[in-house]
Protein chains: 2
Amino acid sequence: MRITDIRNATAPMASNISNAYIDFSKMTASVVAVVTDVVRDGKPVIGYGFNSNGRYAAKGLLAERFIPRLLGAAPEAYCNVSGDTLDPLKIWDLLFANEKPGGHGERSVAIGVLDMAVWDATAKIAGVPLYRLLADRFRGGEIDRKVWVYAAGGYYYPGKGLDALQDEMRSYLDRGYRVVKMKIGGAPLEEDLRRIDAALSVVDGDGSRLCVDANGRFDLKTALAYARAMENYQLRWYEEAGDPLDFELQRVLAEAYAPPLATGENLFSHQDARNLARYGGMRTGHDVFQFDCALSYGLVEYLRTLETLTAHGFSARDVVPHGGHQMSLNIAAGLGLGGNESYPDVFAPFGGFADDVAVEDGYVGLPDAPGVGFESKTALIKVMREATAL
Amino acid sequence: MRITDIRNATAPMASNISNAYIDFSKMTASVVAVVTDVVRDGKPVIGYGFNSNGRYAAKGLLAERFIPRLLGAAPEAYCNVSGDTLDPLKIWDLLFANEKPGGHGERSVAIGVLDMAVWDATAKIAGVPLYRLLADRFRGGEIDRKVWVYAAGGYYYPGKGLDALQDEMRSYLDRGYRVVKMKIGGAPLEEDLRRIDAALSVVDGDGSRLCVDANGRFDLKTALAYARAMENYQLRWYEEAGDPLDFELQRVLAEAYAPPLATGENLFSHQDARNLARYGGMRTGHDVFQFDCALSYGLVEYLRTLETLTAHGFSARDVVPHGGHQMSLNIAAGLGLGGNESYPDVFAPFGGFADDVAVEDGYVGLPDAPGVGFESKTALIKVMREATAL
């Protein structure tokens, strides 16, 4: 078999939402398609990938470096030994050739997008959903038939008041979610506390059903002030209080704040993840790692990241990926993660899961379609096909 | 005043050299030109920038995100209060708007290149060399009139034997250098030791005149094996033994190895630099930080990095930047760093200094031309003008 073409497109992901750090008015996403000459159901197998959200499309990097490395390679360099399917691990090495260590950003997105398309194609060639392929290869065949998900929203946007926030949260519950997440840090502490009170009232005042996310905005003093003000709520988690690379802030915060903390969505390599595990004071079985494979060199690197976490006493169940996409859902189900984010209302159509699997009592089921499952989500596969002209 | 145009070009930087991690056969560099409507000597002031070496050109990122942000801004957003020159700090904020924290790579190169061009233009508008502008703004006017430099080379390339290595090192001494650097880790330890012996014989067996650089290749075991084998040489420094983000390796190595260590060229933000300062076991007045502004968000971020180092008990003299370029030379002279790298033979014409300032007894003087000094280096400014069609 061989790869016959790789398409490289950019799709808008713009919206008028803001978190405490950026607004999303110019956000974009890369969409790639890896076209093979393997035929299934009378058509060539095509693997699709996109880059989650929060980081911009990597179109230039893909065109300048990464797609040429893969398209220019001989099939032996990217196929398995028998030559009948792709080998994602060999492809990863090929993509990272002549890249220096350190400085993990942007290229981690470019490789992450390609890696997603490669796994999608590989599972489609095998004729199985990706979670099944992963479970068979890496977990003795065991699958989580449903995955815990929570509804991420609660963004700041112009004119949004407490009523609108409550309506939003209520609508997530109506759609089967049990746990919701809202942004903090984009308003003063007192105002954020009123917002938290408002959201809590929607989830029966049960702190374990509400997460808050500061998107890395706080210095230590502010992070601790929020921690003191929020501690009695016993929230599900307090996410990305400080700069994602300020592991010392994270460690001090964990000493001062008993309920769970979460972070990691802006760490893009297993080396960065290792530093969080080493220095961040993360508590096994309590705090949450949120690495997003699409932003961090893909699933091949994610396997290294999970191995690193295990070596530092953590478990795959301590991981609930950022991004709310089907790739992470497959990893969660196939490798036994702690759950997955979900964006019911934003980043459409990239966020969300298959059309025919509802969220029930806070868990989402899995589609049966081969690959990542893009074809099970009509609006998404339409955008992917149109963007890549396929 | 206003910015009238920004040019975005890619120049080849290919060579047949290798270090322990990558080969440079497809290496490129970004060259940008920031064109202003300020007239000096009858011509519009143009600031130039390029991205050092070891990371690829960031053409796509510059075109997709960073140049539009600057070109699309109103002059008030990038000028000083009186509107007669650029404000590099305001420009930095403008470039980083709506970028998430963490994941510092690639975009750090794109911003670094633009930042260099902005400082070049700013110093040209002021009619002074950049080192003078920096000394006046940040160091009470004090300048280092000459800067310690060392000759970096000793790469692996096909067919290169010990004689060729010695000839190369000797030629650096002939050109005024006192200290030389060679690569290790691309060959087995025993062979590298013979290479080190050969190089040492050229510098009178004086270990303080030889640095070795593993380019992040070693795991802890190998790093320690090299450390034990090299300790008696009392080398000037042992550079980037392990992965740049493996601060624990660095700390353990510093406990085991008494002579100086050096690292940091692959850390691209003040947050990453802070982690090295916090966790890496670096020894004040002994070990060497090698951050390269062109790869790490430019001089504006470098000022934050230097502040961070000071806060952790280090000094600007502990910093000897990677890259061998004139931008770092200006920073070294203007802000009082410990010295600067130099590549006498590779990465031409981007490496090296002004045509009319010779290296003498291991120190290089400074050109008088306004700006970074690109116009004082004929071969470089020619490439920059041709690449940007100016």
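This is a predicted model: local features need pLDDT of at least 70, side-chain atom pairs count only at pLDDT 80 or more; totals for chains, interfaces and linings use all residues.
Residues are numbered from 1 along each chain as its sequence is written, while chains are lettered from A and ligands numbered from 1 in the order in which they are written.

Helix α1 of chain B covers residues 59-71 and helix α3 of chain B residues 88-96; they pack at an angle of about 130°, with axes 9 Å apart. Therefore α1(B) is oblique to α3(B) (under 35 degrees is roughly parallel, over 145 roughly antiparallel, 65 to 115 roughly perpendicular, and the rest oblique). Axes are lines fitted to C-alpha atoms, for helices over the stretch in contact, and angles run from 0 to 180 degrees between N-to-C directions. Helices (H or I, at least four residues) and strands (E, at least two) are DSSP runs, numbered from the N terminus.

From α1(B), B:F66, B:R69 and B:L70 meet B:I91, B:L94 and B:L95 of α3(B); contact requires C-beta atoms, placed from the backbone, within 7 Å. This contact has five nonpolar residues, one charged and no polar. Ala, Val, Leu, Ile, Met, Phe, Trp, Tyr, Cys and Pro count as nonpolar, Asp, Glu, Lys and Arg as charged, and the others, Gly among them, as polar.

Chain B also has an open sheet of three strands, ordered β1-β2-β3 with antiparallel pairing (strands pair if DSSP finds at least two bridges between them). Its edge strands are β1 (3-12) and β3 (43-50), each pairing on one side only. The twist from one strand to the next averages 25°. Strand β2(B), residues 28-40, is joined to β3(B) by seven bridges, and B:V39 has B:P44 in β3(B) as its bridge partner. Helix α4(B), residues 107-126, packs on the sheet and touches β2 and β3 of chain B, its direction making about 145° with that of β3(B). Helix α13(B), residues 378-387, lies across β1, β2 and β3 of chain B at about 110° to β1(B).

In the interface, 39 residues of chain A are in contact with 39 residues of chain B. On the side of chain A that touches chain B, α1(A) gives the most, with six residues.

Conventions. Two residues are in contact if their C-beta atoms, placed from the backbone, lie within 7 Å.
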